[in-house]
Amino acid sequence: MAQEVANKFIEDVCNHLVRNMNIVQVEQHFKKTIAMQRESEPSQIAFWDMLMMNMLYFTENEQTWEQEFMKMLVKKEWLQPTVLEEELLMHQMRVRQQVAEQMETAKELFHKQYEAEGLTEEDIVYDYAYSSAGHSMRMDLLAVFVSTPEQSKVLFDADPQETIRIINGYIAYHIDSLINKTTLM
């Protein structure tokens, strides 16, 4: 029962976050961001590498997000919004440093992946948009939870692992729906 209440709360918060999204604005944002990144790189491969590095950054941040969220669920205590923001910024700086240190090795793997999987620019651009939107939604969800602690405490009564699994499912569902409505190429 507690998990069902938590799941419904998660569903409502996710729906609230995406309800008033303007697909045209989302599409324009991604097109502008992608165009700026394309212009900043000297070649197509360098552009692809940059998008892939950003995806690596988002993936690493997702793991950090899950760890921080899990800590709060297990302790049954929300961090204060300012404390959470500082904590996440610290982790993001650490992740950024780690990704920078992995850059050369990662690029070699990316280049092999481009060939082995026959990746196209469209594949990479859409994967980047998906990763970026997922990252944003994770951060927004956590911000809602910590800024509405009384309502969000229903999550404390549910299984933490299952709660994170449900949240990741809703994020994937909403981001997939959102990105599939855009034309980025």
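These are my notebook entries on a predicted model of one protein chain.

**Ground rules.** The model is predicted, so I noted that local features need pLDDT of at least 70 and side-chain atom pairs count only at pLDDT 80 or more, while totals for chains, interfaces and linings use all residues. Residues are numbered from 1 along each chain as its sequence is written, and side-chain values use heavy atoms, with hydrogens and water left out.

**Fold.** I looked up the secondary structure and found seven helices and zero strands. Helices (H or I, at least four residues) and strands (E, at least two) are DSSP runs, numbered from the N terminus. Along the sequence the pattern reads α-α-α-α-α-α-α.

**Size.** The C-alpha trace spans about 50 × 35 × 30 Å along its principal axes. Next I checked the radius of gyration, taken over C-alpha atoms; the globule rule is 2.2 Å times the number of residues to the power 0.38. For 185 residues a compact globule would come out near 16 Å, and the chain has 18 Å, which agrees.

Buried means under 20% relative accessible area, exposed over 50%, and partly exposed in between (1.4 Å probe, protein chains only). Then I took contacts (heavy atoms within 4.5 Å). Among those between residues at least 6 apart in sequence, 89% join residues at least 24 apart.

**Salt bridges.** My search of the whole structure turned up seven. The rule is a side-chain nitrogen of Lys or Arg within 4 Å of a carboxyl oxygen of Asp or Glu.

- E27 and K31 meet at 3.4 Å, N to O. Both sit in helix α2 (residues 23–40), and because they are four residues apart, about one helical turn separates them. E27 is buried at 18% relative accessible area, whereas K31 is partly exposed at 37%.
- E121 and R38 meet at 2.3 Å, N to O. This pair links distant parts of the chain, with E121 in helix α5 (residues 121–147) and R38 in helix α2, 83 residues apart. E121 is buried at 15%, and R38 is partly exposed at 35%.
- R138 and E62 have their closest N and O atoms 3.2 Å apart. R138 lies in helix α5 and E62 in helix α3 (residues 44–75), so the bridge ties together parts 76 residues apart in sequence. R138 is buried at 9%, while E62 is partly exposed at 27%.
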